[in-house]
Structure formats: structure tokens, C-alpha cells
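Please consult the sequence and the model while reading.

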Amino acid sequence: MSNISSQEQAALAVLKSTKVDILEAALVAKEALEAGRGRVKRARKCIAAGAESLQKQEKTVTFEKAVEAALEARKDRRARTIWDFRYFCKRFMKRCKGLAQRRVRAITSAECAGYIDMAFDTPRQRQKARMVLSGVFSTALKRGWCSENPVAHVEVPRVMEGRIDVLAPHEIERLLEAARRYRGGKCLAAVGMMLYAGIRPHEVARLTWEQVDLTGSSISIQPRHSKTGGARLVTIHPPLRRLLENCPNTTGSICPPQWLRHWRALRRQADFTYWVPDVLRHTFASYHLRYFRSYSELQYETGHRDSNLLRTRYVNMRGVQNAKLFWI
């Protein structure tokens with residue numbers, strides 16, 4: 001010890017005060033100096049940067065907490081949007097064991113891809129699930145709970161779009177007859193609007209009779225009610241006018257409370273054991289194009305941004321029978 005200088009003895013005292021093994025403390029100091037290229041000032045900057053990075057890494061929450069924050073951030077969205085977001089998140093946590101308590105900063109892109117495949121079965125479901133999951137991590141990223149959005153590196157599930165068969169005339173009549181009988185015709189206006197105006201089921205559920213202008217032959221779809229967020233005026237054609245004029249109630253909401261439940265029950269009463277989502281909208285589009293022969297007019301009526309989807313998926317001329325009779 002006699003060969004150790006007073007400065008070296010002071011250094012040993014400093015290392016001992018850390019209450020860490022002196023050799024380990026010395027090795028850490030050596031690594032810091034090497035990272036600083038032998039310069040003390042630079043070594044201290046490396047230590048500070050490392051401490052800041054570690055603090056960021058440790059600042060995170062569970063996936064369940066991230067979902068709650070994402071829902072809070074979306075509280076001003078439409079009720080259907082919030083419902084869908086909550087449903088997909090709950091299904092993720094239900095089907096993916098341990099996900100709810102996983103720290104979001106630790107979740108990788110590969111795990112995200114696995115969660116999507118595990119929780120959802122069809123390409124379309126997985127496509128939407130990826131979007132919802134990305135939304136959760138987007139909120140987490142803004143809060144500083146993760147350093148990147150791992151879903152950004154997950155390939156978007158490919159959905160093969162196929163043409164949907166339209167309803168045949170006898171099926172249309174069967175559905176309308178069931179709508180006239182069901183609950184005294186309380187759902188008749190909604191069914192007519194989906195069939196003869198191409199309005200979506202969730203859009204018609206938000207409509208009121210104040211938005212129906214029989215004098216001007218139009219129905220006003222407000223931005224907050226439409227799927228795409230755009231307003232549009234939908235034409236009331238003669239067959240829809242006759243249905244609306246014969247409806248038992250023309251005040252308040254177009255649909256009765258618990259509309260989707262009634263809509264399913266009505267279809268069962270009409271003996272539709274299998275129902276393709278949006279088939280009425282596709283039937284409307286096909287008959288409209290066959291009779292009016294205008295993609296631009298149909299695009300305006302349906303609220304699409306362009307006619308590409310109409311051309312590739314919506315319109316099915318093979319199932320159209322006597323388009324003139326449909327519209328008179």
C-alpha cells in the first residue's frame with residue numbers, strides 16, 4: 001500500500017463508497033472511458049445519454065393500460081368506431097394469453113403478427129385488427145411508452161375481394177313482405193332505404209325522419225353518420241317513396257331501438273338463413289348502374305371517393321333481372 005499515491009487511495013475510497021465490488025466498479029469506469037474514447041468529459045456524456053435511454057426504456061405500461069389510453073384518446077369518435085375498437089382490443093386480450101399484462105415497450109413486430117393471426121380468423125378481420133393494434137401502439141408512442149410502433153413492420157393482410165351476388169326479385173319481395181309484417185312495419189323504412197337508396201345498416205341506424213325530404217326527394221346523410229365521414233344527398237326513387245309514405249311512424253328515429261337485433265330477426269322471419277353483409281347495398285348499386293348507366297351518379301349516391309371499388313366489387317350485372325321494374 002506504501003506504493004499507492006494519495007490520489008490513488010482517494011480513488012479507491014470513491015469506489016468503495018459505491019458499495020459495489022471495487023473490481024466491478026473499476027471495470028464500469030474503464031468501459032465508460034473507452035466509450036468516451038479516453039476523454040473524461042465525453043465519458044460522462046456517454047453515461048448521461050445511457051441513463052436517459054434506460055429511463056425511457058423503463059417508462060412503459062401494460063398493453064391493457066395502453067388500450068385504455070387509446071380509447072380515451074378516441075372518446076370523441078363515433079359510437080360505432082369506439083365500439084369496434086373496444087371489441088377488437090378485448091378479443092386480442094382474450095385470445096392471446098398474457099398479452100393484457102405485457103409491457104408495450106417489450107412487444108415486438110413478430111409478436112404483433114402472431115397476435116393478429118391468433119385472435120382473428122379471416123383476412124378481412126386481420127386487416128382491421130392490424131389497424132386497431134397499430135392505433136394502440138400509436139397512442140403508446142405519443143405517450144413515450146414505447147420507442148416505435150411495432151405494427152408498422154407487420155405486413156398488411158391481403159384481402160381478395162370477390163363479387164357479391166345480388167338479391168333476385170323474388171328474394172327482394174320476400175324481404176319487403178317480412179318488413180311489412182314485422183312489428184307492424186317499424187323496420188320497413190330502414191329496409192327500403194338500404195335496398196332502394198344504398199344506405200348502409202349502420203348509417204340508417206343514425207338517421208331521423210328530419211333528414212328525409214319527400215318534397216325534394218332526398219335523404220341527407222350527415223358526415224358524422226356516414227362510414228367515410230362525408231356528407232351526401234341520396235335520391236328517393238319512386239319505390240322508396242311509396243314505402244316511406246306507407247310507414248306507420250314518420251317522427252324520431254328511422255329505426256326502432258336495438259335496430260341490429262331487429263334487423264337480424266326480420267331476416268330470419270323472411271327465411272334468410274345466410275346473409276351476406278351489405279348485400280342490399282350491392283343490389284342497389286347493380287340495379288342502379290344497369291338502369292341509369294352512370295358510374296359518376298352511382299358514385300355520388302353511394303358516397304365512394306372514386307368508382308374503382310364500384311367497378312371491381314360492387315356491381316354484378318349477372319344477377320340483375322328487369323332493372324326497369326325494380327325502379328318503377
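How many nonpolar, polar and charged residues does the lining of the second largest pocket have? By class, this lining has 11 nonpolar, 3 polar and 3 charged residues. Here Ala, Val, Leu, Ile, Met, Phe, Trp, Tyr, Cys and Pro count as nonpolar, Asp, Glu, Lys and Arg as charged, and the others, Gly among them, as polar.

**Basis of the description**

The model is predicted: local features need pLDDT of at least 70, side-chain atom pairs count only at pLDDT 80 or more, and totals for chains, interfaces and linings use all residues. Residues are numbered from 1 along each chain as its sequence is written, and side-chain values use heavy atoms, with hydrogens and water left out.

**Overall composition**

The protein chain has 16 helices and 3 strands; helices (H or I, at least four residues) and strands (E, at least two) are DSSP runs, numbered from the N terminus. Of its 328 residues, 41% count as buried, where buried means under 20% relative accessible area, exposed over 50%, and partly exposed in between (1.4 Å probe, protein chains only). Among contacts (heavy atoms within 4.5 Å) between residues at least 6 apart in sequence, 66% join residues at least 24 apart.

**The nonpolar cores**

A nonpolar core is a set of buried Ala, Val, Leu, Ile, Met, Phe, Trp, Tyr and Cys residues joined through side-chain atoms within 4.5 Å. The largest such core has 52 residues, and those with the most contacts inside it are Leu 175, Met 193, Val 204, Ile 219 and Ile 254. At least two residues of this core come from each of helix H8 (169-181), helix H9 (188-197), strand S2 (218-221), helix H11 (238-245), helix H12 (259-269), helix H13 (279-292) and helix H16 (323-327). H9 gives the most, with 9 residues.

Not counting residues up to four places away in sequence, Ile 254 touches Lys 186, Ala 189, Ala 190, Met 193, Val 204, Leu 207, Thr 208, Trp 209 and Val 212. A second, separate core of 31 residues includes Phe 92, Leu 99, Ile 107 and Cys 112.

In H12, the buried residues are Trp 259, His 262, Trp 263, Ala 265, Leu 266 and Arg 267. These buried residues pack against H8, H9, helix H10 (201-204) and H13.

**The second largest pocket**

A pocket is defined on a 1 Å grid over the protein atoms alone, as an open set of points where a 1.4 Å probe fits, with protein on both sides within 12 Å along at least five of seven lines; lining residues have an atom within 4 Å of a point. The second largest pocket has a volume of about 360 Å³, a volume being the space filled by probe spheres set on the points, which are joined across faces, edges and corners. Of the 17 residues that line this pocket, Ile 172, Glu 173, Leu 176, Tyr 196 and Leu 325 lie nearest its centre. H8, H9, H11 and H16 each supply at least two lining residues, and the largest share, 5 residues, comes from H8.

**The sheet**

The strands form an open sheet of 3 strands in the order S1-S2-S3, with antiparallel pairing. Strand S1 (212-213) and strand S3 (232-235) stand at the edges, each with a single partner strand, so one side of each is left without a neighbour in the sheet. Two strands pair if DSSP finds at least two bridges between them. S1 and S2 are joined antiparallel over 2 bridges, and 4 bridges join S2 to S3. Ser 218 of S2 stands opposite Asp 213 and also opposite Thr 235 in S3. The bridge partner of Ile 221 in S3 is Arg 232.

**Positive phi angles**

| Residue | Location | Phi |
|---|---|---|
| Arg 183 | loop between H8 and H9 | about 50 degrees |
| Gln 258 | loop between H11 and H12 | about 55 degrees |
| Asp 271 | follows H12 | near 70 degrees |
| Ser 217 | hairpin of S1 and S2 | near 55 degrees |

Arg 183 is exposed, with a relative accessible area of 51%, and Gln 258 is exposed at 55% relative accessibility. The hairpin that holds Ser 217 has 4 residues between its strands.

**Lys 128**

Lys 128 lies in helix H7 (residues 123-142) and is partly exposed, with a relative accessible area of 30%. Leaving aside neighbours within four places in sequence, Lys 128 is in contact with Asp 84 and Phe 88. Lys 128 and Phe 88 are 40 residues apart in sequence and 8.5 Å apart in space, C-alpha to C-alpha.
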